Amino acid sequence: MSNYTALFDANVLYPAPLRDVLLQLAVTGLFRAKWTADIHREWIDALLRNQPERERAKLERTRHLMDSSTRDCLVTGYEALVPSLELPDPDDRHVLAAAIVGRCDVIVTQNLKDFPDSALTPYGIDVQHPDDFLCNHLNLAQGVFCAVIQEVRRRLQNPPYTIDEYLDILTRNGLVATTAELRPFADLL
């Protein structure tokens, strides 16, 4: 089990294809994944706002499965730190506070500008786009990464996806570099 710890922002948990890959990788022990109840609320509320036909109960089930399948994932006790932090968007302070309390190495987010180095460096925390984060882990453990992609793709049965169709879904979800690096391994996916 790696000690490298990543805090996932709500915007990387919102799209199911990205969430599925990140969580399946975390379950392998390649890195430790963390989030908070507030982060859960944020991605679930955003999904329900943008897709009102979704059922809260199903999303809450996903939340429960995430929490129960990922060891030591929930960060608590960070709330008192929030007011003392400064970020371009004050609404993101809870994410940084959770990363500090959770002793995370990196915040994985699509909103890099919201987490400037000047705010993170004093705490020894980096920020990475999910595409960069996943490329780094693909380069560290190609076999594990390919097995994860294969597992996630095989779970999708309604409808099933070919390798190319699945890689196109990942590309549409912002994983352009990751997908480009995965294409040569298509036979393993």
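**Reading a predicted fold**

Student: What share of the 189 residues of the protein chain counts as buried?

Tutor: Of these 189 residues, 46% count as buried, where buried means under 20% relative accessible area, exposed over 50% and partly exposed in between, with a 1.4 Å probe and protein chains only. Please keep in mind that this is a predicted model, in which local features need pLDDT of at least 70 and side-chain atom pairs count only at pLDDT 80 or more, while totals for chains, interfaces and linings use all residues. Residues are numbered from 1 along each chain as its sequence is written, and side-chain values use heavy atoms, with hydrogens and water left out.

Student: How many helices and strands make up the secondary structure of the chain?

Tutor: The protein chain has 10 helices and 4 strands, these being DSSP runs numbered from the N terminus (helices H or I, at least four residues; strands E, at least two). Read from the N terminus, the elements follow the order β-α-α-β-α-α-α-β-α-β-α-α-α-α, and the C-alpha trace spans about 50 × 40 × 30 Å along its principal axes.

Student: Where does Thr109 sit, and is Thr109 buried or exposed?

Tutor: Thr109 belongs to the loop between strand S3 (106-108) and helix H6 (117-120), and with a relative accessible area of 0% Thr109 is buried.

Student: Which residues does Thr109 meet there?

Tutor: The side chain of Thr109 makes a polar contact of 3.1 Å with the side chain of Asn11, and the side chain of Thr109 also reaches the backbone nitrogen of Asn111 at 3.1 Å. A polar contact is a pair of N or O atoms within 3.5 Å; within protein, one must be able to donate a hydrogen and the other to accept it, and residues adjacent in sequence count only if both atoms are side-chain atoms. Leaving aside neighbours within four places in sequence, Thr109 is in contact (heavy atoms within 4.5 Å) with Asp9, Asn11, Val12, Phe115, Val127, Gln128, His129 and Pro130.

Student: How is a pocket found, and which elements line the largest pocket?

Tutor: Rolling a probe the size of a water molecule over the atoms shows where empty space is left. On a 1 Å grid over the protein atoms alone, probed at 1.4 Å, a pocket is an open set of points with protein on both sides within 12 Å along at least five of seven lines, and lining residues have an atom within 4 Å of a point. The largest pocket has 17 lining residues, with Arg19, Asp20, Thr62, Leu65 and Arg155 nearest its centre. Helix H2 (16-28), helix H4 (56-69) and helix H8 (142-155) each give two or more residues to this lining, and H4 has the largest share, 7 residues.

Student: Which residues line the second largest pocket?

Tutor: Among them are Asp20, Arg155, Asn158, Pro159 and Tyr161, and H2 gives the most to this lining, with 3 residues.
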